[in-house]
Amino acid sequence: MRNDSLLTVEGLQTHFFTEEGVVRAVDGVTLSVRPGETLGLVGESGCGKTVTALSILRLIPDPPGRIVGGTISFDGRDLLRLPEEEIRKIRGSSISMIFQEPMTSLNPVFTVGEQVAEGIRHHQKVSRREAWDRAIEGLRRVKIADPVRRVREYPHQLSGGMRQRVMIAMALALGPRLLIADEPTTALDVTIQAQILELLLGLQEEMKMAVMLITHDLGVIAETADRVLVMYAGRVVEEAVVKDLFDNPLHPYTQGLLESLPRLEAGKGGRRLTAIPGLVPNLLELPVGCKFAPRCSKAVGECWPTEPELREIRPGHWARCILA
Amino acid sequence: MSERQRQNGRRYGRRLGGRWKWHRGILLGSLILFFFGLIALLSPLLSPYDPYRIPEKLQAFSLLSPGADHWLGTDLLGRDLLSRILYGARISLLVGVVVELAVTPVGVTIGLFAGYFGGKIDAVLMRITDAVMAFPGLVLAIALTAVLERPGFLSVIIVLAAVRWTTVARLVRGQVLSLREAEHITAAVALGARKGRIIFRHLLPNCLAPILVAMTFGVASNILSEAGLGFLGLGVQPPTVSWGSLLAEGAVYLTVKPWLCIFPGLAITCTVLGFHLLGDGLRDIFDPRLRS
């Protein structure tokens, strides 16, 4: 798609084969991340954000899941065709990932220092001593106070925000070129959220890495992302530079999401929030045409028989809607 | 490095230490087991009589009731029951512990592999486990003993181990199945951990607590099984004594000289109780939900 990109995903299809039928969790997602940029991925629960991210690192549990179509290329290499050992070398060194639940994403039976050091030793032949020293350095970099003491503590001795910092230290220990952050702040309270985001952005700048930020929080996207992808029912429905998306959303789903955000505007207090009617569709029984049509207030007859293509409406602003 | 490990160890020890103190089950269980362990270890010193020697004036010493000379009485051949129980403790405890130590690595390995790899490996391993479990333990024991020609200490170990590993394998597989979905496992894979590391650094250490608990219960169950085999005459053979063989000898006189069964039975009951108290206690302190 674009030659200057670090990561290019094209037509990705990740399906889950369950007893009730085939769940098309991700169905034809195309995206690209350029070096150093922040790409936001937004959408409701179950829209395929996380599955897209897990697919990039080939972490989809098989069975029941399988990547059935598309290509993922990183730095010119096709990740889907790499042998297992090669993709393992990429995980944690070139592409890292952090998860939503800092409470459960650390191993409870080892100290955080051992875990950060272990991450380094997955990829580099360094002595325990050196890995340990680098772990302390890593904790210092994510601004954990008194890292020499903290490095000996177990995850249960740390707060949620502190654990997420440890996760970030683990993920960034080897200077990855792309960090996939899957809802990194969702489980944290609001003040800590801001601190963690600030830390992430600071480190991104410092290390010149690209970040793929997955969230359902448009506020987080507005503050952090350069470009945004809006996902719905396993598809990308809109893609734009962050300012364009907020100023001029083209897809009715994006418009609905923005409408449902509370706003602080002078003189317009007391506006009721608008909700998007209906529920996220069952991925086993998707409508034939536009997947959003059943919930769309603007839907017309043509929306139903065929699914619209993702079209470039304005330069760099794409939408999957015939009305745009 | 070693200094660091020692410090970590101490810290962990202190954390457990805090709970250790207030847990009565563990305290009582350990006390009971310490008592019987000591008895087994020191039986040659503690025994008032030779447990194997048949006295010359057999008539005068046969089937004596408990009294001043023979605290727990004597058996048909005039041998002191207390001494025989003390010596029997060695075999019974040894069988219980040895079987468990032999079986745990096997069961753990099978469980880890079945749980982690799933699919065909899991299916094959677990069907074998099911097949062994489905077979009545006692029938299998009798058949195996027959194959092994002469019943004895070794045959008891083999027979019990042949059945016992299945329980451990099932337990570990179950643990791994739920752990495999844990986020910290996915996180470790996402950071480039190799399969071996995932299995032995992430899955195994997180299974250790339930394994340890199962081992204490396992020793208790092995002691009972040994007694069962001994009772059927498939255990250790005379002149060696175990609590099971004492029960078997005493059973003949159950209505007239009940202490011949009661005292070995009490020894078995107390030891099993000790292991269960300890196991229950360990389960409590390892359960993160009960941690304050």
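Helices (H or I, at least four residues) and strands (E, at least two) are DSSP runs, numbered from the N terminus. This is a predicted model, in which local features need pLDDT of at least 70 and side-chain atom pairs count only at pLDDT 80 or more, while totals for chains, interfaces and linings use all residues. Residues are numbered from 1 along each chain as its sequence is written, chains are lettered from A and ligands numbered from 1 in the order in which they are written, and side-chain values use heavy atoms, with hydrogens and water left out.

**Figure 1. Chain B and its elements.** Chain B has 11 helices and zero strands. From the N terminus its elements run α-α-α-α-α-α-α-α-α-α-α. The C-alpha trace of chain B spans about 80 × 45 × 35 Å along its principal axes.

**Figure 2. Helices H2 and H11 of chain B.** The axes of H2(B) (residues 24-46) and H11(B) (residues 259-286) come within 7 Å and cross at roughly 140 degrees. Axes are lines fitted to C-alpha atoms, for helices over the stretch in contact, and angles run from 0 to 180 degrees between N-to-C directions. The crossing is left-handed, a term for a near helix turned anticlockwise from the far one by less than a right angle; clockwise is right-handed. Ala, Val, Leu, Ile, Met, Phe, Trp, Tyr, Cys and Pro count as nonpolar, Asp, Glu, Lys and Arg as charged, and the others, Gly among them, as polar.

**Figure 3. Helices H10 and H11 of chain B.** The axes of H10(B) and H11(B) come within 8 Å and cross at roughly 150 degrees. The two helices are therefore roughly antiparallel to each other; angles over 145 degrees count as roughly antiparallel, under 35 as roughly parallel, 65 to 115 as roughly perpendicular and the rest as oblique. Their crossing is left-handed. Residues that meet include B:Trp243 and B:Leu247 in H10(B) and B:Pro264 and B:Ile268 in H11(B). The contact of H10(B) with H11(B) has nine nonpolar, three polar and no charged residues.

**Figure 4. A cis peptide bond in chain B.** Most peptide bonds are trans. A cis peptide bond joins B:Pro238 and B:Pro239, with omega about 10 degrees. B:Pro239 is in the loop between helix H9 (195-231) and helix H10 (243-251) of chain B.

**Figure 5. The interface of chain B and chain A.** In this interface, 21 residues of chain B are in contact with 33 residues of chain A. The buried area is about 2700 Å², of which carbon and sulfur atoms give 53%; buried area is the accessible area (1.4 Å probe) that two parts lose on being put together, summed over both. The rule finds two salt bridges across the interface, a salt bridge being a side-chain nitrogen of Lys or Arg within 4 Å of a carboxyl oxygen of Asp or Glu. A:Glu118 forms a salt bridge with B:Arg201, with the closest N and O atoms 3.3 Å apart.

**Figure 6. A salt bridge within chain A.** The side chains of A:Arg227 and A:Glu37 meet in a salt bridge (2.7 Å, N to O). A:Arg227 lies in strand E9 (residues 227-232) and A:Glu37 in the loop between strand E2 (21-33) and strand E3 (38-42) of chain A, so the pair ties together parts that are 190 residues apart in sequence.

Technical notes:
Contact = heavy atoms within 4.5 Å.
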